[in-house]
Amino acid sequence: MLLIPCPHCGPRNQEEFAYERSVDSVVRIDDAPAVAMAALYTRANLRGEDHEIWCHAHGCGQWLRMTRDRVTHAIRNVEAL
Amino acid sequence: MAASHRTGSGISAQTVPFTFDGVAYQAQAGDTLAAALIANGVQLMARSFKYHRPRGVLAMGSEDPSALVTVGTGGWQEPNARASDVFVYPGLVARSQNVWPSLRFDVGAINSLLAPFIPAGFYYKTFFGPPSRWMLYERFIRRAAGLGMPPSVADADTYAHRAAFCDVLVVGGGPAGLNAALAAAQVGKRVILIEQDAIAGGSLLRENVTIDGLPGADWARSMMAQITAAGGRVLTRTTASGYWDDNFVTAIERRVEPGQPTEHGATDRPAQVLWKLRCGEVVLATGTIERPLVFVDNDLPGVMLAGAARTLALRHGVAPGRRVVIATSHDDAYRTAFALAAAGAEVVAILDSRVAPTGAVIDAARVRFPVHADARPLRALRSGNGVGGIEAVIAGAKRRFTADCIAMSGGASPVLHLHRQAGGALDYHTDRGAFLPGAVRQHHTTIGAAAGTHDLVAILPQSTVVDPLGTATPPQPGPVWHGEAAGKAFVDFQNDVTTDDLALAQREGYVSVEHTKRYTTLGMGTDQGKTAAMVALAQIADGRGLAVPDAGLTTFRPPYTPVTLGAFAGPMRGDHAGPIRRLPLAGAHDALGALWVPAGAWMRPRAYPRRGEALGVASLREARMVRSSAGVVDVSTLTKFEVAGPDALAVVMAVCATPLAKLAVGRGRYTVMLREDGLVMDDGTVWRLADDRWLVTSSTGGLARMARHFSYVIDILLNHPRATVVDVSEHWAGLALAGPHAAAVLADLTGVPSPAHMGLIDATIAGVPVRILGASYSGERAFEVHVPGHRAAPVFEALMAGVTAVGGGAYGLDAMDHLRVEKGHVVIGAEADGRVTPGDLGLGGMLRKTGGFVGWQGLTRPVLADPAGRRHLVGLTAIDDTPIAEGAMLVVRAGEEPLGHVTTAAPRVAGDGAIALGLLIDGAARHGETLVAWSPTRRSTVPVRVGPPLFYDAEGARYRD
Amino acid sequence: MGNPGYSALSLLRGALGGHRHWGRAWRAAEPGGPYDVIIIGGGGHGLATAYYLAHEHGVRRIAVLEKGYIGGGNTGRNTTIVRSNYRLPQLQRMLDYSLKLWHSLSDELNYNVMFSPRGALFLGHSDADMAKLAERGDALIAMGIDAELMDSAAVAKLVPLFDMRRDARWPIDGGLIQHRGGTARHDAVAWGFARAADNLGVDIIENCEVTGFLRDGDSAGGRVTGVRTTRGDIHGGRTAICVAGNSGHVAGLAGLQLPIESHTLQAWVTEPVKPMIDTVVMSQSLHCYFSQSDKGGMVGGGDPDMFPSYAQRGAPIRLEDSIAQAIALVPALSRLRMVRSWAGVTDMSFDGAPIIGETPLPGLYLNGGWCYGGFKATPGSGRLYAHLLATGTSHPIAAPFDLARFAAGRTIDEAGVGPMPQHR
C-alpha cells in the first residue's frame, strides 16, 4: 500500500489517488493526428523508473507528476502539476 | 478413557468444559484445544489430507500442519481450525473432519494402501478421455479432497477494520520484542506491540528461566504492563499477516476464539479486527519455527516437535507421554528432556544425530538420561492409531525403544515471512543451516531468535537472566533423509508430501523449487509449509548436489497465517457492501407509490403503478400521459458542471465536440463529449449562463469519468486556464416537466413566460428560486427545473399539483425511456456503447469541423472516418407489432451471424406496436430492409423493418414553441 | 525420448517399481541453434506455440527461452477460468477456437490438464443486467457458441449458497451460463505443453533471459536474426515474443513501444473445504469472480490495482473489495480463511484485446496484450501464433488482432471503455 507524498496534503494512502497515464502519453489538443495517436497508443512501459501523472482524486483533487520505480515501487519524486 | 496427563503444575485450577467428537472433556483455563485433548489422553485429533493417516499435533502454535478440526456450530462453525491455536472456551464444540465414519475408523485410510498408485502428481498421468469422463472422476476427487465441511449458512460474526499509525511496530511479544517495545515506548515513541498468542512471553512460556528475579512468564506480564504504562499499545491474539509497500502492515486481532459465539450481528463487538498499521519503523521479533526430523512414519500421533512437548509440559502442565524419546540434531531439545522429566515422564533416550555433542546442557543431561550420540531415528513404531516406539540407528547399530511420545527437533528456522514480504533479502548461513535476514528494502529490522540470536543474555543485556540449563545455542539442522528405511517419511505433514514425492519430482524434471512445490503440493496447505519448507529444501538441494540457497526458495506471500475472509470484507457487508444513493425526493416518490430500480449506485423511480397495475402497463400509461397532457420525472441524478472564468469557453470547447462559440447567453445546445480515441464518451447539454459562465449536463453514470476529464483538460491539457469547473450535480435536484401542457403549467407556477426550447430563465416556484431549462428528451415541449436539493420538496409538490390539474402526473424511468426511443435519443451505455463515433449515431454533422476538441484526432483514423462497414444507429419497427427483445441480434434469418443488435426496445407510445433502436452494420444504407430481431435465449423471433431512428414528430413541431 | 506415455497402466507399472521408470517430463535443454523459430517466453502460450509449430507445421528447430522456470509467470498465477462467452465476434471466434481445443487437450498432450467444464456463470442483479446478459447470450448463440439464460430459481439450484434474498445489496435475478466453460489446472497446462513439445524435439531452455536482439546490419529497421541472452547469443529465423506481462520490456529491447502497459492483478485462495460451489461464478456488474479448485480451496479475484507495476505484488484494498463482493453473493464464504494471496503482472492492451501479429521489425513477431484473460486462450493463442510463425500470414481468426489496428481505428473493445487500461 503506497504512501504517496502529495505536495499539497502530505503523505497519503494510495487508495486516495488515481493513476492517469505516463507523462509521455499526454495527447495535446493541437497535436497532429499521427502524433496524437502515437502518444495515445504507445508506451515505453519501462520495467524500472518512469514518469507518471496521478490525481489526488479522493483528496485535494490536484494533479501530480510522479517519478516512480515500477519494480520496487519506490517513489523518487512527486511534484504538483 | 485414558488417565489424565495433567501433571498438577498447570497454569490454572479453573476448569472449562468442552467436547470433541461428542465426548465431553474438561480443560483448564489457558489451555489450547490441543493441550486440553492431550491432557485428556487424546493424541489422535485428525486425519491427513491425502492418505487419511492418523494425526495428532506436530507443533504447538499457528504453524501446526496436522491437528485441524472443525469448531463451533451454525453461523459460527469454522472448518480447519488448528487445535493448537484455539484456546478452549466454555462450551467449545470441536469435531474431527475429513473422516468417515469416524476419526478412529476412517475408511479413507484405504488411500494409504493405494499409495503406490497415487504418488505426487499421479492425476496428471491418468483420467484421460473426454472432459465429461474427467468430471466424473473429479466428482470423487473433489469429495475426497478438501478438509473440513464448508459453512452452509451466513457467518454470524461481524468484523471491523481499524487504522492506526505508530513510530514503532513490534511484531512478536517474546523477550526480544518486549524489550524493544519498552525501550521505544520509554523514549516517547508511539509503539504498538502485537503478539499472536493470547499472552506475551513467546519462547519464555516454554523455558524455566528467571529474568530480573521473576519467572519468565511473569516477567513478560510485567513488561506488558510497563509498555502500556509508557504509552504503548499491546495487542495480543493479534497476528501480523501482511507487510505491504511503504511500511504498511495488516494485522488480524481475534477478539473471540474460532467458533466461539458472539452476540449475533453486534457490529460494535466484532469477532475480529483487521488492523491497518502505517508504521515508521517495524521491528520483527518473530522467533523461530522448529523443524521436524525426517524418518519413516514421523507423522504418527505422539510424534511431535520437541518445543511442542516442552510447551505442553511447562506452559500447560501436561505431559505429552509417559515414556518419551527425544530425537534431535542440536542442544535445544535437551531442554525438553528436563521439562518432561519434571512433568513426570520417563525420558527413555535422547537420540542426538551429532557424533560427539558437547556442552553444558549435554553434560547435565548425560547425568540424568541415556544420551546416545551418532543416533538417528529410522522409523516410528506404530501402536494403534499412535506411536508406540522408535527404531533408531546408533553408531551404525539398529535399536528399538518403546515410547508413547517422540519429541523431535531437526533445528529451527527463523520466521522471516514478513521480512521477505517487505522485500528483505535472505542470507544463508551454512554453519547454522538456516536463512537469516539480509539487506532490507523498507524500514524494518529483525531481532532476537528471528535474527539468529538465541542467547537470552544477549537479547536482554540490561536484565539479569538466570537459566539453570545455561546459555541457549543456535540450533543445527537435522540430517538429510536418504531413505535409510523403507516407508513414508513425511516432509509436509498436511499435504502428505514425502521424501519419495520430492525425489519423484526431481526425477521427472520438476526441479525448480516452484515446480517441485506445485507438482507435489509441498507447502500449499493451510500452514503454507511453515514446518516443511526448510526440511524440503535441504532434501531437494542434497538430491541435486546443490547448496541449499542454490536450490531456490518459493515466494512468501500474505497472509502469514490464514485470515477469515469476513475480516477482509470488514464493514463492507449487507447494505454496506456497496453504497446506495437515494434521491433528495425519495420520500415524496415513495408517497406516490414509486417502484424503485437501481441505476448504478442510485435508486430511481421506475414507474408509479396503480394498485394491481403491471409495470409495463403503468409505464406505457405514464408515457402516453406525457404525450397527451404533462408529466414530471425526477432527473436529479443528471451530472451537472458549472464552468466559470474568463477562459471558460476554451474549457467547454475542449470538452464538447459541437460548435459553442456563438451560443448566446441564456441559450443551450445538445452536445457530445469524445474520448481521445474519437469515440463517444458522453452526451448532454451545454448552456451559457453568462458570458463567462457555463452549465454542462451529462449522463448520470458518467459523473466520475466526466469530472476527472474536466479536471484533466483544465490542469493538464489547457495548463491552468483562468477557469474553474465545479461539479454541481449534488447541489441541484432536477425535475423534468414534459407534455403539451407543460409550458402552461410552468408559466402558471412561475408567473412568467416559460423559456423557449433550448432557452433558460431564472424563476421562482413555491417561493423557491429555480433555474428552468427549455430542453426536451421526450419529444414534447419540456423543461428541466433545477432547484437546490434541500429545497426541492415544495417545488416538486407544486409541479405535481400543476400537472395533476391538467390530467398529468409523475412518470418514471421506463416511461422516459419509451419516450426517448420514439424520438431516437441515445443513451450512454446502450446506443453509445463505447464503440461508436458521433457519425455512427447520426450526430456527425454536429461536430466542429475545425477540430480543437478532445478526440478529433482519433476520428481521423481511416476506420473511424469511413462510415462503410460501421454499425449505425437505426430505428426498428416490429412488423407484426409483437414486442422486440432488448439485446436481440439483428439477422437476416434466425441462425445466421448477426449484423447488429437491438440496443433498446420499447412499445410505441404514440400509437400501437413495438419499436426499438439498434446498431446495425451499414445501417444507414439499409433503411427499408426487413430483418429479424432474434433472441435465442428468450426464444423470440420478431421481423422488423429498418428505418431512421425517429418514430415521432419528425419535423420537431411538438417540442418547439 | 524414452519417456513412457502416461496412462493408468503406466501408473500401475510405476506402483510395482517405485515409479523409477518415469524420466524427465522435458529435457533441460542447452541453448543451441540456429533455430527456425525462437520463442521468447516459456509460459503456456509460448509452449503451446512451440508444440503446434512442431506438431502441425513440422517445424523442426524450435527454442523456447524462459527467463525463470516455465509457467512461472501468469500461467501459474491466474484464477484458471476457461470460457469463450464474450460479446464481440472477434473475441468469440478466438476464444471459442481455444475452448474447442481445451475439450481435447488432455488427450492431445497425453497430460491431464484437468479441464473441468463445470460451467461459467455470469450473474445479473437487475433487469438491466439481465438484458445485457441476454444480449451476450444471443450474440453467442448466433455465433454457434453455447449460452443459456437462467432465471433466479435455476441459478439458486445451481449454487444453493447464493444469497437469493430480494433485499440483498445485489439481488440475484438470474444469470448466463456457458456450460462448456470451466476451469483447468494451470501449471499442468504449461507442463503438458512442455512435455509434448519436448517429445517433438523442441528445446525448452529455462533460466535464459533475453537481454537484447540480434539485427541484420546496424539500421534500426534491420531484420531481427536472434536474441542476446544471459546464456549467450541465439540465432533464429523468426523471433517470437510471447511474454505477456513483460511485453513492453522485451519489445523495448528491440526499440519498440507498444499499446500495452503492465499492471498488477491479485488473486486469493482459501483453505480447502469439501465441495461448496460447483460452478465458476462471475457477475455482470460486480468485480469479483471465484471458483473452487479440485483441492477444495476457493480461488478468487477482482479488479487490477490500476497503476503500472512489474512488482508482482499489490495492495490489500483490492483483495478487500473482491472479497466483500464475493461474500455479498455467497455469505457462507465469509467464514473461510484465505491461505494465500498473490499477484501477477498483466499485459494491459489499450483496447482490452490481445495482439497477435507481426511487428514493424522484419523477423520479429508479437503475441501479448492479454490483459487479465490470457489463460483461457492458451491453446488457441499458441496454435494461431504457430500458424503465423510457420506461414508468415495470420490465421483469419487472428487477423483482426494485429498491432496495426490501433492506428487504423479497428480496436476490439469488449468493455467499451477506450484506451486507458486502468479503466478496464
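These are my notebook entries on a predicted model, taken chain by chain and contact by contact.

**Confidence**

For chain C I noted a mean pLDDT of 96, with 99% of its residues at 70 or more.

**Chain B, overall**

I counted the elements of chain B and got 23 helices and 51 strands. Its radius of gyration is 38 Å, whereas the globule rule gives 30 Å for 961 residues, so chain B is more spread out than a compact globule. I then took the extent of the C-alpha trace along the principal axes, which is about 110 × 70 × 55 Å. Buried residues make up 59% of the 961 residues in this chain. Of the contacts in chain B with a separation of 6 or more, 67% are between residues 24 or more positions apart.

**Contact of chain A with chain B**

I listed 21 residues from chain A and 21 residues from chain B in this contact. On the chain A side, the elements giving two or more residues are α1 (33-41) and β4 (49-55). The largest share, four residues, comes from α1(A). By type, I sorted the chain A side into 15 nonpolar, three polar and three charged residues.

**Contact of chain C with chain B**

Here 82 residues of chain C touch 88 residues of chain B. Several elements of chain C give two or more residues to this side, among them α1 (8-17), α7 (186-199), α9 (316-329) and β16 (337-349). The most comes from α5(C), with nine residues. The chain C side divides into 45 nonpolar, 19 polar and 18 charged residues.

I also checked for strand pairing between the two chains. Strand β32 (residues 563-564) of chain B is joined to β16(C) by two bridges, and the strands run antiparallel. Within this pair, B:Thr564 has C:Arg337 as its bridge partner.

**Strand β7 of chain B**

I followed β7(B), residues 92-95, to its partners. Three bridges join it to β1(B), residues 15-20, in parallel. In that pairing B:Val93 stands opposite B:Thr19. Two bridges join β7(B) to β5(B), residues 68-71, and this pair is antiparallel. There the bridge partner of B:Thr70 is B:Arg95.

**Cis peptide bonds**

The bond from B:Trp100 to B:Pro101 is cis, with omega near 0°. B:Pro101 sits in the loop between β7 and α2 (110-114) of chain B. A cis bond also joins B:Pro558 and B:Pro559, with omega about -5°. B:Pro559 is in the loop between α13 (533-544) and β32 of chain B. I noted that β32(B) is the strand with two bridges to β16(C).

**Positive phi**

B:Asp881 is not a glycine, yet its phi is positive, about 70°. I placed B:Asp881 in the loop between β46 (871-878) and β47 (889-891) of chain B. It counts as partly exposed because it has 14 C-beta neighbours inside 10 Å.

C:Gln312, also a residue other than glycine, has a positive phi near 55°. C:Gln312 is in the loop between β15 (298-308) and α9 of chain C. I counted 19 other C-beta atoms within 10 Å of C:Gln312, so this residue is partly exposed; a buried residue needs 20 or more.

Key. Residues numbered from 1 in each chain as written. Chains lettered and ligands numbered in written order. Predicted model: local features only at pLDDT ≥ 70, side-chain atom pairs only at ≥ 80, totals over all residues. Contact = placed C-beta atoms within 7 Å. Nonpolar A, V, L, I, M, F, W, Y, C, P; charged D, E, K, R; others polar. pLDDT = per-residue confidence, 0-100. Rg over C-alpha atoms; globule rule 2.2 N^0.38 Å. Buried ≥ 20, exposed ≤ 12 C-beta atoms within 10 Å, placed from the backbone. Pairing = 2+ DSSP bridges.
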